[in-house]
Amino acid sequence: MAEQSTFARALSHPSFRVGLLGSFIFILLALISVVWTPYATDIVDIPNRFGSFSASNWLGTDYLGRDQFSLLMVGIASSLKVALLAVAIGALVGVPLGLMAAAQRGWLEAIILRFNDFIFAFPAIISAIIITTLFGPSAINAMVAIGIFNIPVFARVARGGALSLWTLEYVDAAKLSGLTSAQISLRHILPNVASLLIVQATIQLSLGVLAEAGLSYIGLGTQPPDTSLGLMLKEAQSFFFGFPMQAIIPGLAIVLFVISFNLLGDGLRDTLDPKLTRVSTL
Amino acid sequence: MSLVEVKDLSISFGDHAVVHAISLSIDPGQRVGVVGESGSGKSLTALSIIDLLPESDKTKGDIVRNVPTGESLRGKHIGMVFQEPMTALNPLMKVGDQIREALELHLPGIDFVARVAELIEEVELPPSVANRYPHELSGGQRQRIGLAIALAGEPELLIADEPTSALDMITQAQIIALIKRVCKAHNMALLFISHDLGAVAALCDFVHVLERGKQVESGTTSSVLKSPQQAYTKRLIAAAKPTRRRLTTRTIGPPLLELDGISKRFKLPGPIWAKKSYVQALSDISLTIREAECVGLVGPSGCGKTTLSRIIAGLQTAQRGTIQFDGHAYGRKLGEMPRAARRELSMVFQDPFGSFDPRLNMAQSLYEPLNLMPELDHAERRERVHMALERVGLTPEMLKRHPHAFSGGQRQRLAIARALVLRPKLVVLDEPVSALDVSIRGDVLELLADLRENFGIAYLFVSHDLDVVRAVADRVLVMDKGKIVEQGDVDTVFDAPQAEITQRLLDARLGV
């Protein structure tokens with residue numbers, strides 16, 4: 001069989017293709033918004049408020065007369081930023097914990113697992129509310145709150161993958177070569193669980209976008225004058241019966257955003273984890 | 001009139017042909033063996049007879065099955081026993097019910113309870129197993145249940161695909177005897193697929209030898225074994241009887257490794273409030289390995305030989321006892337294995353596919369042991385790795401490749417090269433050839449013998465294959481239930497065994 005790169009194999013997966021295209025568009029919009037938006041998002045233009053779709057304002061204007069498309073671009077960027085950093089917090093803390101638990105076993109593992117259970121015991125949104133009410137509502141605190149939730153998720157995935165690798169003969173060979181547990185974890189375990197972690201990261205990213213939208217919607221995330229998809233929804237809800245498009249547009253953006261990342265994650269998982277896809281041929 | 005006739009069967013996946021024009025026929029009551037190495041197409045040939053080929057294939061040729069039209073082929077006319085008895089049984093169903101399920105399908109309207117009991121008796125199991133779940137049975141018992149299910153439909157042909165390769169030697173011999181008895185009693189034909197020439201010789205009257213999808217030789221078992229015509233068959237037969245190699249220029253030196261009173265027990269998992277229960281894996285093991293000596297370690301599965309070899313290699317620690325190795329003493333009371341001792345010892349593992357990290361190239365894997373010798377500079381490291389490769393007959397260009405680019409035999413050579421990089425005094429060989437195809441086994445054994453001759457390395461050779469041990473080892477230790485029950489010169493022990501387990505292991509041997 002001809003060796004194919006993982007990426008080429010993933011591309012032949014239809015849901016991966018759709019997910020990749022969708023995520024790419026969202027990320028591109030977010031990146032462009034950093035340097036350019038069709039209109040400035042901090043200029044109020046009351047005479048033009050609640051504008052409908054037009055050539056100058058593609059998606060109309062909001063209750064302050066700001067261009068909806070520009071707001072959407074900035075909103076996507078801030079939602080993505082929160083979700084990305086939350087994933088980073090979760091992975092940077094959770095993965096080492098999971099690897100340590102698998103390498104040491106014994107009491108260290110027990111402590112890490114109980115710590116995971118402790119975080120899991122609280123519904124995510126409740127703890128996020130606790131954190132943001134303690135430290136004040138802001139995008140940063142929302143990020144930290146979501147990030148803490150990602151820690152046990154990454155720790156579990158890393159530990160689960162690592163445990164099965166620790167029984168393999170090449171790990172024994174590395175022990176015989178005098179490598180310490182930390183060296184083995186970095187050299188042999190981490191690269192071999194990386195694919196599991198990447199898949200988990202894309203899924204947590206989409207959950208992060210959703211969580212950020214939820215927190216902003218109840219006023220505990222991004223604060224005005226900044227904007228995010230959840231905040232746009234919140235601001236639009238007062239006008240929902242008069243101007244439903246105000247809420248439908250950011251709502252639809254959240255749905256498409258989450259679906260794109262989920263499809264990307266599914267496609268990656270199917271490609272990277274041969275146990276799930278490769279139907280045994282014999 | 002033959003029961004099944006296969007004419008010029010070819011199977012290919014895409015452009016890749018796996019089976020080329022194979023013909024075979026099975027008469028009623030005849031026992032036919034198909035021997036070949038992994039990838040020789042033997043399983044596909046069997047699956048095509050029972051019409052279980054994967055859908056993505058292209059098949060050419062004729063298969064004539066002498067079965068009344070309209071009747072179900074599988075179960076009723078052809079029964080099958082699979083390689084892995086654990087995955088062939090439903091883990092959530094009592095085994096008695098699984099036999100009953102097969103009966104309900106093929107023979108409705110009989111007394112199921114009585115018939116299940118009969119079938120269980122037929123495969124020589126106690127009646128109580130009917131109420132057990134598969135995980136409560138041993139591998140051999142599960143394979144017997146698999147056979148009972150295959151027998152439920154009273155088929156005229158039984159296909160057995162490597163039914164014994166997941167079992168230990170003693171169980172293997174019992175299962176083979178059982179299959180033979182059952183086939184005779186029911187005048188049932190058998191298609192027996194195996195990589196093991198010994199098993200085929202013990203069971204079949206007729207044999208087909210396959211090599212890479214081609215039928216290289218066919219004939220009655222005795223004629224093929226006595227006067228093989230093809231080079232490939234000759235190689236297979238020669239490899240099944242490994243030739244004996246002894247040291248010629250070198251003599252066995254002073255003691256290198258001495259174990260004194262090594263014991264190890266494992267705690268069984270259970271609730272914390274319950275009384276702790278333990279398994280005594282090793283009790284009071286004492287042994288000596290001398291310089292340049294090859295010591296064989298044999299025993300039935302679960303006897304503790306893996307634990308012992310891992311303790312010697314330093315992968316596990318013992319709870320009691322001391323180890324003297326190359327001037328270093330360590331153990332429970334004396335502390336951990338010193339780093340200086342580690343560099344004099346290395347290990348070759350059983351599975352050539354699991355012993356290399358798939359993400360690292362061979363250079364990264366082969367340089368890894370030199371972590372124990374930080375004093376070496378770059379040129380010295382390079383020289384050591386290249387020399388180790390040269391000794392196992394490979395070239396340094398291969399270092400850039402990843403493990404998947406090598407065959408099983410090459411990987412085992414690379415594993416030996418990795419063990420040689422440190423230039424150790426003792427190498428622990430844990431079943432180094434049992435995962436390899438028979439035809440490359442000989443090469444690897446030859447290589448190990450050469451290395452011992454040239455560099456005076458001592459081996460601890462752990463194996464379940466007594467013929468291999470007899471060919472390579474000077475002395476043999478026989479283990480049973482965590483104890484060494486017999487030891488001595490290989491010829492003395494194997495010719496006049498004292499311990500009961502040695503006798504049983506020798507009886508279970510399937511010679512060619």
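Predicted model: local features only at pLDDT ≥ 70, side-chain atom pairs only at ≥ 80, totals over all residues.
Student: Where do I start with chain A? What secondary structure does chain A have?

Tutor: Start with the element count. Chain A has 11 helices and 0 strands. Reading along the sequence gives α-α-α-α-α-α-α-α-α-α-α. Then take the overall dimensions. Along the principal axes, the C-alpha atoms of chain A fill a box of roughly 75 × 50 × 30 Å.

Student: How do I read the length of a helix? What span does helix α3 of chain A reach?

Tutor: Helix α3 of chain A covers residues 68-104, which is 37 residues. From first C-alpha to last, α3 reaches 53 Å. At 1.5 Å a residue, 54 Å is expected, so the two values are close.

Student: Which parts of chain A does UniProt list as a transmembrane region?

Tutor: The record is an unreviewed entry, and it places that feature at residues 20-39, 82-103, 115-134 and 239-265 of chain A. Now set the model beside the record. Residues 115-134 of chain A are 90% helix and 0% strand, with end C-alpha atoms 21 Å apart. Residues 239-265 of chain A are 78% helix and 0% strand, and their end C-alpha atoms lie 35 Å apart.

Student: What domain does UniProt list for residues 76-265 of chain A?

Tutor: The unreviewed entry gives "domain: ABC transmembrane type-1" for residues 76-265 of chain A. In the model this span is 84% helix and 0% strand. The end C-alpha atoms of the span are 19 Å apart.

Student: And chain B? How is chain B divided into domains?

Tutor: Check two sources here. The domain assignment gives domain 1 (4-240) and domain 2 (356-423) of chain B. Their centres, taken over C-alpha atoms, are separated by 41 Å. UniProt, in an unreviewed entry, lists "domain: ABC transporter" at residues 4-237 and 257-506 of chain B. Residues 257-506 of chain B are 34% helix and 26% strand. The end C-alpha atoms of residues 257-506 of chain B are 28 Å apart.

Student: How do I judge an interface? How much area do chain A and chain B bury between them?

Tutor: Interface size is often given as the accessible area lost when the parts come together. Here chain A and chain B bury about 1,900 Å², with 54% of it on carbon and sulfur atoms. In chain A, E169(A), L176(A) and R187(A) lose the most area to chain B. Together they give 33% of what that side buries. By contacts, 17 residues of chain A meet 26 residues of chain B.

Student: Which charged and polar pairs join chain A and chain B, and how many are there?

Tutor: Side chains of opposite charge can pair when their charged atoms come close. Between chain A and chain B the count is 2 salt bridges. In one bridge, R310(B) pairs with D172(A), and the closest N and O atoms are 2.7 Å apart. There are also 12 residue pairs in polar contact between chain A and chain B. On the chain A side, α7 (169-176) and α8 (181-217) each give two or more residues. The largest share, 7 residues, comes from α7(A).

Student: What about salt bridges inside a chain? Where do R114(A) and D117(A) lie?

Tutor: Both lie in helix α4 (residues 106-121) of chain A. R114(A) and D117(A) are 3 residues apart, about one turn of the helix. Their side chains meet in a salt bridge, at 3.2 Å from N to O. Over all chains, the count comes to 30 salt bridges.

Notes:
Residues numbered from 1 in each chain as written. Chains lettered and ligands numbered in written order. Heavy atoms only, no water. UniProt positions renumbered as here; feature names shortened; annotations may be inferred. Helix = DSSP H or I, 4+ residues; strand = E, 2+ residues; numbered from the N terminus. Domains from an automatic or database assignment. Contact = heavy atoms within 4.5 Å. Buried area = accessible area lost by both parts, 1.4 Å probe. Salt bridge = Lys/Arg side-chain N within 4 Å of Asp/Glu carboxyl O. Polar contact = N/O pair within 3.5 Å; in protein donor to acceptor, adjacent residues only side chain to side chain.
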